[in-house]
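Please look through the sequence and the structure shown here, and then follow the account below from single residues to the fold and back again.

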Amino acid sequence: MPYRMKCPEYRRLLTLYADATGDLWELTSMLADAATSYESDAFARAWEQCESARQFCADIREQMYEHLERHHCALNLNSGGTVRQ
Ligand SMILES: [Zn+2]
């Protein structure tokens, strides 16, 4: 890794994003089960949950971009980020 991110808010967003993508992965892996379910609306519900989880991931990414634009911590300017040589 070229640098270590020390900005606590960006780290929080990264952790949140990692958790959210993990949740999305779990939900999408359940789609196949839902497709073979005898419940008529099981697949539609599972799909809706996936879409909601995907949107949550997109929202977090947007927050990450907005944060970087405002805080510039990825550039190590004013957040305490450390560039390794
Ligand atoms: Zn930051």
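Arg12 has its place in helix H1, and its C-alpha atom is separated by 9.7 Å from that of Met64, a residue 52 positions away along the chain.

The model in which these values were computed is a predicted one, and its confidence should be kept in mind throughout. The average pLDDT of the chain is 86, and 81% of the residues score at least 70. Over residues 78-85, however, the pLDDT is below 50, although this stretch has 22 contacts in the model beyond near neighbours in sequence. Where pLDDT is low, the predicted coordinates should not be read in detail.

With that caution stated, the overall course of the chain can be described. Its secondary structure comes to 3 helices and 2 strands, and the elements follow one another from the N terminus in the order β-α-α-α-β. Of the 85 residues of the chain, 5% count as buried.

How do the axes of helix H1 and helix H3 cross? Helix H1, residues 8-29, and helix H3, residues 42-71, have axes that come within 9 Å and cross at roughly 160 degrees. Since angles over 145 degrees count as roughly antiparallel, H1 is therefore roughly antiparallel to H3. The crossing of these two helices is left-handed. On the H1 side the residues that make the contact include Leu13, Leu16, Tyr17, Ala20, Leu24 and Leu27, and on the H3 side they include Cys50, Ala53, Phe56, Cys57, Ile60 and Met64. By class, the contact of H1 with H3 has 14 nonpolar, 5 polar and 4 charged residues.

Leu24 lies in helix H1, and, leaving aside residues up to four places away in sequence, it touches Cys50, Ala53, Arg54 and Cys57. The C-alpha atom of Leu24 is also separated by 8.6 Å from that of Gln49, which is 25 residues away along the chain. Is Leu24 buried or partly exposed? Leu24 counts as partly exposed, because it has 19 other C-beta atoms within 10 Å, whereas a buried residue has 20 or more.

Two further positions concern helix H3 and what follows it. Phe43 lies in helix H3 and is partly exposed, with 16 other C-beta atoms within 10 Å. Residues up to four places away in sequence not being counted, Phe43 touches Ala34, Ala35 and Ser37; from Asp33, which is 10 residues away in sequence, Phe43 is 8.3 Å apart in space, C-alpha to C-alpha.

His72 is found in the loop between H3 and strand E2, which spans 82-83. With 14 C-beta neighbours inside 10 Å, His72 also counts as partly exposed. Most residues other than glycine have a negative phi, but the phi of His72 is near 55 degrees, a positive value in a residue other than glycine.

How values were computed. Residues numbered from 1 in each chain as written. Predicted model: local features only at pLDDT ≥ 70, side-chain atom pairs only at ≥ 80, totals over all residues. Axes fitted to C-alpha atoms, helices over the stretch in contact; angles between N-to-C directions. Helix = DSSP H or I, 4+ residues; strand = E, 2+ residues; numbered from the N terminus. Parallel < 35°, antiparallel > 145°, perpendicular 65-115°, else oblique. Left-handed = near helix turned anticlockwise from the far one by under 90°. Contact = placed C-beta atoms within 7 Å. Nonpolar A, V, L, I, M, F, W, Y, C, P; charged D, E, K, R; others polar. pLDDT = per-residue confidence, 0-100. Buried ≥ 20, exposed ≤ 12 C-beta atoms within 10 Å, placed from the backbone.
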